[in-house]
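Subject: Structure handover and notes

Dear colleague,

I am passing on the structure we spoke about, with my notes on it below. Please look through it with the notes beside you.

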Amino acid sequence: LDIGTGKVTEEEMGSIPHHMLDVCDPKDIYSVADFVVGATNTIKEIINRGNIPIIVGGTGFYIDTLVRGTSLPNVPKNEELRKELESKSKEELFEMLLKLDDNRAQDIDKDNKVRLIRAIEISKTLGNVPEIKTNTKYNSIFIGINPGDEILQKNIQTRLLQRLDDGMVAEAENLHKEGLSYERMRELGLEYSFLADYLENKKSYEEFISLLNIAIWQYARRQKT
């Protein structure tokens with residue numbers, strides 16, 4: 001998932017060590033709990049070498065869970081509910097979550113069915129929105145870049161067109177040839193969800209670009225929030 005995710009290139013790394021890249025197969029489910037375990041071990045190794053770890057993202061939910069020690073509700077899988085929810089569209093799932101847990105809906109990736117289903121599963125199981133407890137593990141500084149909406153929108157469009165020029169569609173085609181189903185591709189969220197729709201001829205190329213550009217902008221606004 002190199003181009004679609006905008007993964008840092010060796011040239012961009014500039015000889016600075018980067019960690020937690022290429023840690024799992026796209027076909028496998030990779031949860032926030034998996035991320036916290038891997039990232040915590042990596043942070044320990046960096047600190048033991050006398051260096052300061054810099055966490056770059058990305059998904060605020062993952063960063064909060066790692067840095068602030070957010071305690072996640074221990075809710076088991078509900079296969080019957082998941083089967084029922086799988087048949088619903090992303091839009092229908094988001095509307096359900098909005099009614100169940102408005103706070104979680106504000107920062108979730110609306111194009112990631114896996115996260116939408118899990119959030120609904122937690123809300124339905126507990127009957128209400130759980131109080132998220134934190135146990136801060138690190139003395140951290142949060143740094144954010146805010147260039148303003150106009151510049152941000154231009155940057156998003158420029159970045160999207162650049163990734164298309166770099167072969168983002170061909171990357172998705174190759175992933176499918178190598179066994180990644182379109183269903184699983186959609187579960188990966190945002191870019192890959194729209195790529196799956198385009199490759200299955202559910203959207204024209206022009207619709208694909210236009211709607212994806214809007215979706216990325218909406219996600220960026222949620223990241224700012």
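How many residues does helix H7 have, and how far does helix H7 reach from its first C-alpha to its last? Helix H7, covering residues 113-126, has 14 residues and reaches 20 Å between those two atoms, which is close to the 20 Å expected at 1.5 Å a residue. Please keep in mind throughout that this is a predicted model.

**Helix H7 and its surroundings**

At the start of H7, a side-chain oxygen of asparagine 112 comes to within 3.2 Å of the backbone nitrogen of valine 114. Further into the helix, the buried residues are Lys113, Leu116, Ile117, Ala119, Ile120, Glu121, Ile122 and Ser123. As for what they pack against, the buried residues of H7 meet helix H4 (79-86), helix H5 (90-100) and helix H6 (102-107). A point that helps in reading such a list is that an α-helix has 3.6 residues a turn, so residues three or four places apart point the same way.

The side chain of lysine 90 makes a polar contact with the side chain of serine 193, at 2.7 Å. When residues up to four places away in sequence are not counted, lysine 90 touches Lys110, Asp111, Lys113, Leu116 and Ser193; of these, Lys113 and Leu116 are also among the buried residues of H7.

Sorted by class, the lining of the second largest pocket divides into four nonpolar residues, one polar residue and eight charged residues.

**Helix H11**

After H11 comes asparagine 201, whose phi is positive, near 60°.

**The cavity**

The structure holds one cavity of 30 Å³ or more, and the largest cavity has a volume of about 30 Å³. Which residues line the largest cavity? Its lining is made up of Thr59, Phe61, Arg104, Asp107, Ile108, Asp109, Arg115 and Tyr219. By class, that lining has three nonpolar residues, one polar residue and four charged residues.

Threonine 40 lies in helix H2, residues 32-48, and threonine 65 is found in helix H3, residues 60-67. Threonine 40 counts as buried because its relative accessibility is 15%, and threonine 65 is buried as well, with a relative accessible area of 5%. Leaving aside neighbours within four places in sequence, threonine 40 is in contact with Leu66, Lys137 and Tyr138. For threonine 65 I can also give a distance along and across the chain: the C-alpha atoms of threonine 65 and leucine 212, which are 147 residues apart in sequence, are separated by 27 Å.

**The loop between H1 and H2**

Methionine 20 is found in the loop between helix H1 (10-13) and H2, and aspartate 22 is found in the loop between H1 and H2 too. Phi of methionine 20 is near 60°, a positive value in a residue other than glycine, while aspartate 22 has a positive phi of about 55° although it is not a glycine. As to accessibility, methionine 20 is partly exposed, with a relative accessible area of 27%, whereas aspartate 22 counts as exposed because its relative accessibility is 60%, and the cut-off for exposed is over 50%.

With best wishes

Definitions and conventions. Residues are numbered from 1 along each chain as its sequence is written. This is a predicted model: local features need pLDDT of at least 70, side-chain atom pairs count only at pLDDT 80 or more; totals for chains, interfaces and linings use all residues. Side-chain values use heavy atoms; hydrogens and water are left out. Helices (H or I, at least four residues) and strands (E, at least two) are DSSP runs, numbered from the N terminus. The expected span of a helix is 1.5 Å times one less than its number of residues. Buried means under 20% relative accessible area, exposed over 50%, partly exposed in between (1.4 Å probe, protein chains only). Contact means heavy atoms within 4.5 Å. A polar contact is a pair of N or O atoms within 3.5 Å; within protein, one must be able to donate a hydrogen and the other to accept it, and residues adjacent in sequence count only if both atoms are side-chain atoms. Ala, Val, Leu, Ile, Met, Phe, Trp, Tyr, Cys and Pro count as nonpolar, Asp, Glu, Lys and Arg as charged, and the others, Gly among them, as polar. On a 1 Å grid over the protein atoms alone, a cavity is a set of points where a 1.4 Å probe fits but cannot get out, and a pocket is an open set with protein on both sides within 12 Å along at least five of seven lines; lining residues have an atom within 4 Å of a point. Grid points are joined across faces, edges and corners, and a volume is the space filled by probe spheres set on the points.
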